[in-house]
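The sequence and the coordinates come first.

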Protein chains: 2
Amino acid sequence: MQKLSSSTNYKIKEILKLKEKHVRLERQQFLVEGQHLVLEALKKGIVLTILGTELALQHNVVQKHLHTVDEVYEISANVAQKLSDVVTSQHIFAVCSMKEQKIDYEHNILLLDQLQDPGNLGTLIRSAASFDFKTIIGSANAVSFYNDKVLRATQGNFFQVNLINEYLIKTINDLKQAGYVILGTNLHQNSKKLEKVRFNDKDKYALIIGNEAKGISFELLDMIDININVEMDDQVESLNAAIAGSIIMHKIYVDNA
Amino acid sequence: MQKLSSSTNYKIKEILKLKEKHVRLERQQFLVEGQHLVLEALKKGIVLTILGTELALQHNVVQKHLHTVDEVYEISANVAQKLSDVVTSQHIFAVCSMKEQKIDYEHNILLLDQLQDPGNLGTLIRSAASFDFKTIIGSANAVSFYNDKVLRATQGNFFQVNLINEYLIKTINDLKQAGYVILGTNLHQNSKKLEKVRFNDKDKYALIIGNEAKGISFELLDMIDININVEMDDQVESLNAAIAGSIIMHKIYVDNA
């Protein structure tokens with residue numbers, strides 16, 4: 001196994017470039033960090049390269065998968081710190097390929113319209129996995145799924161959901177054709193209180209979450225079939241996008257249980 | 001009005017120290033930033049000092065309150081950038097006094113047991129304000145309410161909730177005496193599905209949210225009256241703390257509406 005102990009090494013420098021969005025898109029690769037995410041990536045069979053300190057590579061759960069990976073590098077703690085985005089790194093990393101992901105038409109779907117905050121996105125991925133939404137489709141201008149803050153906020157649930165970027169008008173038209181009921185929150189029109197909406201397991205639902213500041217784009221508002229109002233005190237302007245989305249997904253999950 | 005154009009000015013250096021938790025606690029002061037939060041602080045009557053660029057101080061909503069403040073300084077854009085924690089600063093700041101806050105015994109209460117993530121705390125403050133929880137009590141070792149990331153995540157709803165730090169065992173005993181029903185999520189014991197719990201407006205509730213990694217402290221678990229299970233797919237280990245807390249608060253809000 002090759003050892004890489006300098007962060008000026010060509011291989012390391014190339015991997016560090018994956019911290020930039022345009023490089024990730026060009027190469028169709030992204031970097032994950034930590035035992036949990038590396039293991040999930042290994043199980044998905046999308047790992048191209050593993051990098052870890054001697055100790056980290058000996059970790060049981062990771063070690064038994066190492067033979068499935070073409071490139072494994074032992075790195076120094078110094079290099080690990082350079083690659084890491086966190087204070088207490090577990091010193092294990094995987095370069096993964098962005099496999100093309102497909103919509104799961106058997107389950108409910110989350111649509112993210114220009115969502116900007118990586119923490120919100122990561123939390124929504126975790127909630128979607130928790131409430132049986134198996135696909136998330138982000139508009140082209142939403143925050144990148146492969147941002148390190150997003151990955152961390154998913155708390156290891158990143159690989160449980162299909163993640164796709166697509167134009168939402170086209171997507172919503174396709175989903176309507178496929179029989180999906182489109183849900184959204186539009187504060188400017190008549191809406192139905194969440195408590196009063198009965199979701200059922202005969203219908204499939206696609207829920208649109210809008211941008212944190214501007215809400216759902218004008219051109220998507222007319223495509224909403226059920227305009228939902230999450231009950232709240234009107235002294236507060238709005239709920240956090242991840243909170244509102246998760247409350248609605250939870251209600252759908254409970255109604256269909 | 002005195003103009004401060006250097007960030008090495010004594011006054012500015014003293015204010016910059018408020019970014020450190022121990023200084024905030026020593027002085028019982030904290031710094032807020034942005035038109036919205038500064039205005040809310042002015043309305044609360046807790047502002048000791050206002051600092052803003054010439055343009056920011058002329059802003060209508062702020063200007064009409066300036067006469068209520070003893071110290072107003074005009075600062076240069078350079079100093080504003082030094083004080084700011086955000087990329088696009090609105091160049092207006094207020095030094096506020098931490099007025100002692102009291103429990104509102106007429107409303108439901110949120111208890112934060114060693115919550116660590118400032119984003120979660122800010123989001124929970126925003127949700128508490130939205131769902132009529134008027135008091136939040138954090139354990140002594142929880143993340144500081146006055147952290148700049150917390151303040152930002154509240155999206156201007158920081159001043160709508162009473163914020164208190166207290167020992168939770170003592171607090172919970174007091175709340176039980178005052179007739180509060182203590183709610184929590186303990187994954188290791190028998191629990192009741194959230195959907196099956198009927199909250200009513202005759203009871204008052206205090207909801208404990210545990211630490212992101214460890215959950216609710218061992219010594220508090222026995223004090224829980226209703227152990228709530230937020231329904232979710234068991235392939236995911238847990239929900240984000242702010243999400244779980246907000247889903248429960250929303251249900252209580254809806255049941256009591």
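What rotation and what shift along its axis superpose chain B on chain A?

## Basis of the model

The model is predicted: local features need pLDDT of at least 70, side-chain atom pairs count only at pLDDT 80 or more, and totals for chains, interfaces and linings use all residues. Residues are numbered from 1 along each chain as its sequence is written, chains are lettered from A and ligands numbered from 1 in the order in which they are written, and side-chain values use heavy atoms, with hydrogens and water left out.

## Relation of the two chains

A rotation of 180° with 0.0 Å of shift along its axis puts chain B onto chain A, at an RMSD of 0.0 Å. The two copies are therefore related as by a two-fold rotation axis. The superposition is by least squares on the C-alpha atoms of residues with pLDDT of at least 70 in both copies. Both copies use the same surface, since 100% of the contact residues of chain B recur in chain A; contact here means heavy atoms within 4.5 Å.

## Interface between chain B and chain A

Chain B and chain A each bring 28 residues to the contact. About 2,400 Å² is buried between chain B and chain A, and carbon and sulfur atoms give 56% of that area. Buried area is the accessible area (1.4 Å probe) that two parts lose on being put together, summed over both. On the chain B side, the residues that lose the most area to chain A are B:Arg126, B:Val236 and B:Ile243, together 21% of what that side buries.

There are 0 salt bridges between chain B and chain A, a salt bridge being a side-chain nitrogen of Lys or Arg within 4 Å of a carboxyl oxygen of Asp or Glu. Between chain B and chain A, 12 residue pairs are in polar contact, both residues at pLDDT 80 or more. A polar contact is a pair of N or O atoms within 3.5 Å; within protein, one must be able to donate a hydrogen and the other to accept it, and residues adjacent in sequence count only if both atoms are side-chain atoms.

Helix 7 (118-130) and helix 11 (241-256) of chain B each supply at least two residues of the side that touches chain A. Helix 11 of chain B gives the most, with 7 residues. Helices (H or I, at least four residues) and strands (E, at least two) are DSSP runs, numbered from the N terminus.

## Domains of chain A

Chain A splits into domain 1 (2-97) and domain 2 (108-256), with bounds from an automatic or database domain assignment. The C-alpha centres of these two domains of chain A are 31 Å apart. Their contact takes 13 residues from domain 1 of chain A and 11 residues from domain 2 of chain A.

The area buried between domain 1 and domain 2 of chain A is about 1,100 Å², 66% of it from carbon and sulfur atoms. Between these domains of chain A the count is 0 salt bridges and 2 residue pairs in polar contact. On the domain 1 side, helix 3 of chain A contributes the largest share, 5 residues.

## Salt bridges

Over all chains, the whole structure has 24 salt bridges. One of them joins the side chains of B:Lys3 and B:Glu74 (3.9 Å, N to O). This pair links distant parts of the chain, with B:Lys3 in strand 1 (residues 2-4) and B:Glu74 in strand 4 (residues 71-75) of chain B, 71 residues apart.
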